[in-house]
Amino acid sequence: MIFLLTAVEILAGEVAIIAHPSVKTDSLDKKQLYNVYRGEVRSWKDGAKIKVLDLSEKGETRESFYDYLGVRPSRMNSLWMKQLLTGEGNPPDKAETQQDMVKKVMATPGSIGYVDKELADKGVKLLLLIDKKKDKDKDSD
Amino acid sequence: MSFRDLKLKSKQLLAFGLVLVVVLGASGFILHRMAGLKESFDEVATNWMPRSVAIAELSQGISNYRTLVLQHILTPNPLDKKSLEKRINLQIELIQDYLDQYESLRDLSKESDLISVTEDSLYNSFDSDWDEYQSVFQDWFLTSKQNQSEDADLLVSVESANPLIAGEGAILHENIRWTLEGLVESINSEAQSAATTAEKLLRTTRQGLALLLAISIALSGIIAITMTRLITNPIKKLADATEAVSQGNLELKLDMPGKDEIGSLAQSFDRMANSLKEARHKTEQQADKLRQQNSELEATLTQLHATQEELLLKEKMASLGKLVASVAHEINTPIGTVISAADVSERALLKLRNSLESIISAEQLESNGQLSRSLSALKDNARLTITAGRRISSIVQSLKSFSQLDEAEYQLVNIHEGLESALVLLGTQKLAGIIIVKKFGQLPEVGCFPGLLNQVFINIISNAAEAIFESGTISLETYTQANEIVIDISDTGIGMSGERMKSLFDFGFSANASRVKMGTGLLTSYNIMQKHGGRIEVESEVGRGSTFSVILPLR
């Protein structure tokens, strides 16, 4: 049963947190990732500005990413909205598709984004791998 | 151990225990139902209603948010825009609060599995729309900021193209509104069904309660009746039995086998009645025995009297016999002389008459009246003397035979002689006016004490004569029957009543006490017959006469 479950998870795949190759940081943990995405942390360790990218395409990848962070996308959107209205900062730039996301990460120094692991092999820096959330699991939640 | 064997206390405890169990059961049932009801009410109060309220508030909050956003878009004044932005920000926080509130409620309800699939999917759809709506607003906001510095105239065209007023945002907002309405409806319908369930529970609880109440009342009634039957009825039975026993009915038996107090009381009662019965029975037995002994004593006394009488009589007879024997002997000689003298006188007279006739003619003799009369008178006297003498001789003979009784000699005797002898002894005076009829059959000689037997005959014939007042008949009939000799002595006298017949053989029965006590009652006769192994039977009818049968066995 456990083997079967593991196999299904492997099949479901992983989400990769990727960054521009120039980024010095090699890895991030969950808390750091959350703080970056909610706009609390705005620069890398070396002082370089962080450019946060979000996926506007709805689906498994986005759901799994925010589920990992422990926050619903609508809630994250509300946080960004507040920052925008109070002038604290802008919401992340949007990438329409995952391919678009990879391109934007590659094109923007200091950027951070997320895509399916299979797509993250074109010279981007891999910071973290997240197990994809299964749709079936989600349903039974 | 059956129920009836229990003590009263145990029975009562059992009965009250039963009632207690029923009441406890009822209470438990009610409490259980109450808990169920509370749960149902709580479900409505802490799940459905708050969730419904949270969604309604959320809906209101989002409507306000949209209003603020639209105002922000349409306001040309930058200052107004700024204050609206603050208000939008606050509204977002408010909406966030509503969302948090709803989600925490939803998570709680999910634990108790009180979320419908519809609600869950509706909320997810709302969440997604809400996310999208905010993204649209963000996009527009960023775009409008970049265009701020540009020509204000362009504003109208920007506004008309604003996806928030018409286009995508409007559709999203419409979706959100419908979704939230659907959510409220769904929650409310669930709440409604929960309320219906609760109401149903309440109704069934009420019905159950009524049923339990009825059962409790019925059970109490049954127990009360049973206890009454167990206690009152046996006590009444006991009281009735006591009454019956006090009135002397000792045959009564309660037969109540119970082992309780009443049962043992009943058993003690039965034992008491039984011992009373036994005591009475014993007393009766003793009384019977006493009576028997008494009658035995009486019989013995009677026998004693009879024996005494007999002894007395015997003695009397013995002396009388001696006297008679000597008198008879003394009289016999002169009487013989008288008879023979009279006989000689008669014959001498005959000779004298013949001699006289030869001397004088018969005519002369006849004509001499005096002589003739003297002669015939002498002749008659001589005849009379002979007759009287013979009678005296016969009386003496009878006396002699009578006097033999004390000798108590057992001899073979002709019964007929005894009867004749008795008739002679009784004499003409006693039997005056009475016709004696003799129907003697052929009898063998019988072994007996003739003196005693004669006494019996005299006794019975004398009694028969006494029963006849002026004239009548005494029949003497003898015959044999089946090894017995029967002597029937019947009279046509006054007869006897049954009462008198009963006391016939009692001691002292004698109608005439002044008579010579030859027969001291028939008792002596009875005793004599017993001595001979015989008996006396009597038949009598008042006004028709009596028959005494003297029966002797042939040996």
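Student: How are helix 4 of chain A and helix 2 of chain B placed to each other, roughly parallel or roughly antiparallel?

Tutor: One begins with the angle between the N-to-C directions, which runs from 0 to 180 degrees, the axes being lines fitted to C-alpha atoms, for helices over the stretch in contact. Angles under 35 degrees count as roughly parallel, over 145 as roughly antiparallel, 65 to 115 as roughly perpendicular and the rest as oblique. In this predicted model, helix 4 (residues 73–86) of chain A packs against helix 2 (residues 78–111) of chain B at about 160 degrees, and their axes are 9 Å apart. The two helices are therefore roughly antiparallel to each other.

Student: What conventions apply to the numbering and to the predicted model?

Tutor: Residues are numbered from 1 along each chain as its sequence is written, while chains are lettered from A and ligands numbered from 1 in the order in which they are written. Because the model is predicted, local features need pLDDT of at least 70 and side-chain atom pairs count only at pLDDT 80 or more, whereas totals for chains, interfaces and linings use all residues. Helices (H or I, at least four residues) and strands (E, at least two) are DSSP runs, numbered from the N terminus.

Student: In which crossing does helix 4 of chain A pass helix 2 of chain B, and which residues meet there?

Tutor: A crossing is left-handed if the near helix is turned anticlockwise from the far one by less than a right angle, and right-handed if clockwise. Here the crossing is left-handed. Two residues are in contact if their C-beta atoms, placed from the backbone, lie within 7 Å. From helix 4 of chain A come Ser78(A), Met81(A), Lys82(A), Leu85(A) and Thr86(A), which meet Glu85(B), Ile88(B), Asn89(B), Ile92(B) and Gln96(B) of helix 2 of chain B. By class, this contact has four nonpolar, four polar and two charged residues (Ala, Val, Leu, Ile, Met, Phe, Trp, Tyr, Cys and Pro count as nonpolar, Asp, Glu, Lys and Arg as charged, the others, Gly among them, as polar).

Student: How many residues of chain A are in contact with chain B?

Tutor: There are 14 in chain A, in contact with 14 residues of chain B. The side of chain A that touches chain B has six nonpolar, six polar and two charged residues.

Student: Which packing does helix 2 of chain B have with helix 1 of chain B?

Tutor: Helix 1 (residues 8–74) of chain B packs on helix 2 of chain B at about 160 degrees, with axes 9 Å apart. These helices are therefore roughly antiparallel, and their crossing is left-handed. Their contact divides into 16 nonpolar, eight polar and six charged residues.

Student: In what order do the strands of the open sheet of chain B stand?

Tutor: Strands pair if DSSP finds at least two bridges between them. Five strands of chain B form the open sheet in the order 2-4-5-7-6, with mixed pairing. Strand 2 (434–439) and strand 6 (535–541) are the edge strands, each pairing on one side only. The twist averages 15 degrees from one strand to the next. Strand 2 and strand 4 (residues 472–481) of chain B run parallel, joined by six bridges, and Ile434(B) stands opposite Gly472(B).

Student: Which strands of chain B does helix 10 of chain B lie across?

Tutor: Helix 10 (residues 450–467) of chain B lies across strand 2, strand 4, strand 5 and strand 7 (545–553), at about 25 degrees to strand 5.
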